[in-house]
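Here is a short briefing to read alongside the model. Take a moment to look it over, and then we can go through it together.

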Amino acid sequence: MSETYDFAAIESKWQSAWEESRAFEAVADPSRPKFYLLEMYPYPSGRIHMGHVRNYSIGDVISRQKRMAGAAVLHPIGWDALGMPAENAAIKHGTHPQTWTLDNVAHMRQQLKRLGISYDWDREVNTCLPDYYKWNQWIFLRMLERGLAYRKDSWVNWCAQCRTVLANEQVVGGGCWRCETPVTQKKMEQWFLKITDYAEELLSGHAELRKWPEHVLQMQKNWIGRSAGAHVQFALDGTSQTIEVFTTRIDTIYGATFLVVSAEHPIVPELVAGPKAKELGAWVDRTVAEMRRRRDVGETEKDGVDTGKKAVNPFTGERVPVWIANYVLMDYGTGAIMGVPAHDARDLDFAKSYGIPVRTVIAPPDRAGGRFDAEPAEVYEEPGVLVNSGPFDGLASDRAMEAMGKHAEDKGFGRRSTVFRLRDWGISRQRYWGTPIPVVYCDRCGVVGVPDADLPVELPFDVKLTGEEGSPLARHASFVETTCPKCQGPARRETDTMDTFVDSSWYFFRYCSPRETELPFRPEDAEAWLPVDLYIGGVEHAILHLIYARFFTKVLRDFGLTEVSEPFPHYLAQGMVTKDGSAMSKSRGNIVDPDEILERYGADALRLFILFASPPDKEFAWAEEGLEGCYRFLVRVWTIVHENLDLFAAGSASAGPAPARGPAVPIVRKTHQTIRKVTEDIGVRFHLNTAVSSIMELYNLAKKDRDELRSSPEGRAALRLALESIVRLLSPFAPHIAEELWEKTGHRGLLMQSPWPAYDAGLAREETVTVVVQVDGKVRDRFEAEADSPEAELEAAALARPKIRAALGGKTPRKVISVRNKLVSIVT
């Protein structure tokens, strides 16, 4: 062999060829099936990491195979380019966030091109540029007009390190999702988006997401937190006030022996008024501060105070004590609960601590007719049959909840209802590097939206970034001081910017019309490409990004811009990349630089390794010896093709059907089996690692039988078919070497634009299969049989085998069940 595998030259050559021929340009074509493949776009931190390499390589294999299989493919890329890291980096390095960001984008763009990822770069979007964030502002204004955007005073999550507000979803384990700094609470006037208006649909839409991982759906269900129950009003004794509680178990209301309100409840000042006001007030202040430091009160030791006030149970007329406690949250339900210690473990713990009575009102179904202690030994939280519940005694819990809810409605002191844990999305951020919120404040006109004709409200470039608390825009007089678009009088601009999750909540629409100037995207383009057929990204975005993107899609649908309700019907959550037993990170010092790997092994070897070593949805452990093995495999493929170039001397036509005769039979069968497996592993199962493994197996057989195959005409034809198939099947995984070998073997045109290889189902079928024999569910034997043998033949063969006769011990089988090509199950 005269040529060596010069991966650097080969990869540069074909990257240029793809770019010059616009090989990855997405063109909608109604005559072909469309396939919109999208990986979550990256934050331009400066360099791609191995998590990026894995994510984008997975998507690229599927994209390339779909294109070769005849689909019109949209595979775009962009940059999630606004946000705190760029602003913090600008402060640290004394530069402007835009300069820092665009420099990083340029470097990362070249890295992705060097990997050979098949992006349509003409559709590239960048969220930090005005031509993108203008449409964030346009969407916000449409929400404002429809009451979906509003402003209010609110306690907010504050990160002192990032000096900005965080949404509830951005608080992880009590810390900031970016920097892990403990989150505190601040009261501020904030802008909110009414995601709660879509809470029910965000849950019901899960029925359309059958191709999502179940654990991701469960994470969303838990976050949205739907609870069906009833609101019930307890009159505050001696006043005209009522305390409204929400309960999912109105059937237990006869067992309510106390009421508990959150320390943050607005009625607390009235409850603590009186002789003990100072003492109770101090306790409330301490408790509120602690609750705001610790968002998750579930594991907090339960603490409370008896206010001395009483509330009247509307079902029983009983006066029950009103307590304030730290285990009731203001942001769920009404911030007040009825304490039913016999049937709620938290309430029982609290009642035992403070000597509050416990009363059983629900009996297990199998004990409904028995007697019950007034003070049960343990809590019973399951549905059952009502006891000690007046006119509702004897009803099953489900019937009682319906009857008692209706009774509360008829009497006017309650209503059946549904509440959600989900809260409206606070989007105000006190930072510079974000989308300016497009409203002004006028003393005469109030809050006024910026007219569409004046969009975008651009970030001023000459802002001084100091890291001081508060928005840098608030200190920029020429930005703040403006004119009211209604009365033309003086006005002040909003100086908060939008949460950057707004940017990623609709970017997949913008890819359909990246240069549109009249709307965020053309509805007809969205109709041609949406929904995204496969969305790939990390499971860490299961709650934040994926819920927000689903919310925005439903809003845009209701604006009349799209008919799509669910943007991502198929979501693949790829596993993380680890090294030395932990996730790669700078802080752990276990980062592997992709550029260094590209220099030593090339893009194809890196891609092949990162796809071969683990299934896409599982954790991937970095091991350089595996990378070296993939590089050596590519060298072996390069070598065997060059050693057999004479087989391709006939010209540019692809190998036709090879005769399956004599020594050619095994390699022909294996070739068709491999084409079938790789096709299904990429296009159906996404088992990319086993697809690579099967290509390697075909290579091994071709290498082993090469000399024998070359000795006959049918063998030479079969070897050519096998080698050509290896090259074509490798194309999505290692596209550069595949293109080079395609050219070397005399083919014209780009391999990636040639059809995906087809297989013959008859030739792919095994001649013999291994049949498992079970007796009473236990495997007792295995034997080889001709493929597709009749079931009666399999049963007779199984019963005649010595091991099976011994296992039966003279017994006559009661039943024999056969599964063709797989199993004979004998039941005695």
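What share of the contacts in the chain with a separation of 6 or more comes from residues 24 or more positions apart? The share is 73%, where a contact means heavy atoms within 4.5 Å. This is a predicted model, in which local features need pLDDT of at least 70, side-chain atom pairs count only at pLDDT 80 or more, and totals for chains, interfaces and linings use all residues. Residues are numbered from 1 along each chain as its sequence is written, and side-chain values use heavy atoms, with hydrogens and water left out.

**The chain overall**
- Along the principal axes, the C-alpha atoms fill a box of roughly 105 × 90 × 50 Å.
- Of the 828 residues, 54% are buried, meaning under 20% relative accessible area with a 1.4 Å probe, protein chains only.

**A look at His 476**
- His 476 sits in the loop between strand 22 (446-449) and helix 12 (477-480); helices (H or I, at least four residues) and strands (E, at least two) are DSSP runs, numbered from the N terminus.
- His 476 counts as buried because its relative accessibility is 11%.
- Leaving aside residues up to four places away in sequence, His 476 touches Pro 460, Asp 462 and Val 463.

Terms used:
Buried < 20%, exposed > 50% of the residue type's maximum accessible area, 1.4 Å probe, protein only.
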